[in-house]
Amino acid sequence: MTSLSRAQARRIALAAQGFTDRPHSRPTLRTLTRTVERTGVLQVDSVNVLQRAHYMPLYARMGPYDVDLLRRASSGGEQRRLVEYWAHVQALMPVELWPFMQHRMASYRAGRGKWFQAIPDLEREIRAVITERGASTSRQVAEVLSREAHRSKDHWGWNWSDERKVLDHMFTCGEVAIAGRNQQFEVVYDLPERVLPSAVLAAPEPSPIEAAVELVRRAARSHGVATASCLADYYRMRVQPARAAAADASDAGLASAQEAIHVLVDSGELLPVAVEGWKRPAYLHAGAKLPRKVSARTVLSPFDPLVWERERTERLFDFSYRIEIYVPAAKRVHGYYVLPFLLGDRIVARVDLKADRAARRLLVKAAHAEPGAPTETAAELAVELRRLAGWLALDEVVVEPRGDLAPGLGAEVLLT
């Protein structure tokens, strides 16, 4: 069995994620498509203290780019390249993955809860509104139905109307698709045939094991090297087959990641390997590259595929990472919206960033260096923050005096 050092595994992972791709001074749709081939999906999240989550992984790999490229890629019917679905979590994924999600959609359909079954007429009414009206938000659907927006207190932090709950369930079942989002970031729903290319909808439905193999194949390509649990997490699959006694309706018709791994190992697409410091067996994608050097310099969103699986991040980078958005302010260690700073093939610092759009300033609320960070960390981070500010149309970088890296970073920012 092949053995890899932690440094080799780290460089393989960075190459697989696109951090060694040749940069372009002017990224195009082709550049974006290539980048999404590396990341597989772009997680969608509503937090906008700096920039929406799905824009950031593209920036980290492509550099400053016109965000309208992503809008064009995720709209346009027959020309659409990306569509939202529950792929990792809520995420933009390539449209060609839609058929491979059919069994997942069927499992959601089979797992309808008692609440949903109690209001079957509402689903029929909603479908009729969208069929006639076209792309609509849940609020617009409710207005057409002239229903009082009944809201439940059972869902902390969401408090959705009945229309939104039904639409969200219809979305997970594939009965409606997400056409886009409006300026308030509300989901806009439409019929799948008006959202997705006709060739995608006409594609044959893969078998459960074929779907699982394709998802694990893509996860392995995006990871380069990974454990079974990491491969399963990428598209939120079960690691092991569900036991018949424990399986419920939502497990019906789904194959596990481990079943898919066996297929890919047998075909030679995955190679069992041992990685220094990893307690679990790992798998190397046969097409993975091991670069001699990685020359990255970028900040990473908390929802970047490189770091979203926190245990893997710690194994690869010796970097313990926790997002503290939901932690009370007084108990936060590093800040509210903290981004790791990747320099070369290491994560060397973390910064709590906020875009003050009214004053056109990029605020560095805190800056902390990692143990063993190189002496050039502050200077390199200052250059990166200037680049990020330019992309966000912010004129100034302001470093607040919190964190051990803040004094040096503040001085370097004044020099850039």
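Is strand E3 mostly covered or mostly uncovered, and how many of its five residues are buried? E3 is mostly covered, with four of its five residues buried; buried means under 20% relative accessible area, exposed over 50%, and partly exposed in between, with a 1.4 Å probe and protein chains only.

The model is predicted: local features need pLDDT of at least 70, side-chain atom pairs count only at pLDDT 80 or more, and totals for chains, interfaces and linings use all residues. Residues are numbered from 1 along each chain as its sequence is written, and side-chain values use heavy atoms, with hydrogens and water left out.

## Strands and sheets

Helices (H or I, at least four residues) and strands (E, at least two) are DSSP runs numbered from the N terminus, and two strands pair if DSSP finds at least two bridges between them. Strands of a sheet pair through backbone hydrogen bonds, either parallel or antiparallel.

Strand E3 belongs to an open sheet of three strands, in the order E2-E4-E3, with antiparallel pairing. The edge strands, each pairing on one side only, are E2 (42–43) and E3 (82–86). Five bridges join E3 to E4 (residues 90–94) in the antiparallel sense, and Glu84 has Leu92 in E4 as its bridge partner. The hairpin from E3 to E4 passes through three residues.

Arg350 stands opposite His368 in E13. Four residues lie between the strands of this hairpin, in which Arg360 takes a positive phi near 55 degrees. E13 also pairs with E14, here in the parallel sense and over four bridges; Val364 has Val399 in E14 as its bridge partner.

## The second largest pocket

A cavity or pocket is found on a 1 Å grid over the protein atoms alone: a cavity is a set of points where a 1.4 Å probe fits but cannot get out, while a pocket is an open set with protein on both sides within 12 Å along at least five of seven lines, and lining residues have an atom within 4 Å of a point. Grid points are joined across faces, edges and corners, and a volume is the space filled by probe spheres set on the points.

The second largest pocket has a volume of about 670 Å³. It is lined by 28 residues, of which His54, Tyr55, Arg181, Asn182 and Phe185 are the closest to its centre. Helix H4 (68–73), E3 and E5 (177–181) each supply at least two residues of the lining, and E5 gives the largest share, four residues. By class, the lining has 14 nonpolar, eight polar and six charged residues. Here Ala, Val, Leu, Ile, Met, Phe, Trp, Tyr, Cys and Pro count as nonpolar, Asp, Glu, Lys and Arg as charged, and the others, Gly among them, as polar.

## Phe185 and two other loop residues

Phe185 lies in the loop between E5 and strand E6 (187–190). It has a positive phi of about 70 degrees although it is not a glycine. The charged ends of two arginines sit over its ring: that of Arg52 is 4.0 Å from the ring centre, and that of Arg181 is 4.3 Å from it. The criterion is NZ of Lys or CZ of Arg within 6 Å of the ring centre and within 35 degrees of the ring normal.

Ala393, in the loop between helix H15 (377–391) and strand E14 (396–399), also has a positive phi, near 60 degrees. Pro241 is in the loop between H12 and helix H13 (257–267). Pro241 and Met105 are 136 residues apart in sequence and 18 Å apart in space, C-alpha to C-alpha.

| Residue | Relative accessible area | Class |
|---|---|---|
| Phe185 | 15% | buried |
| Ala393 | 44% | partly exposed |
| Pro241 | 41% | partly exposed |

## Aromatic pairs

The structure holds seven aromatic pairs. Rings of Phe, Tyr and Trp (its six-membered ring) pair if their centres lie within 6.5 Å; planes under 30 degrees apart count as stacked, over 60 as edge-to-face and the rest as tilted. The pair of Tyr234 and Trp308 is tilted, because the ring centres are 5.1 Å apart and the planes are at 50 degrees. Tyr234 lies in helix H12 (residues 228–234) and Trp308 in the loop between strand E10 (296–299) and helix H14 (310–317), so the pair ties together parts that are 74 residues apart in sequence. Both Tyr234 and Trp308 are buried. Ring pairs also link Tyr59, Tyr65 and Trp391 into a cluster.
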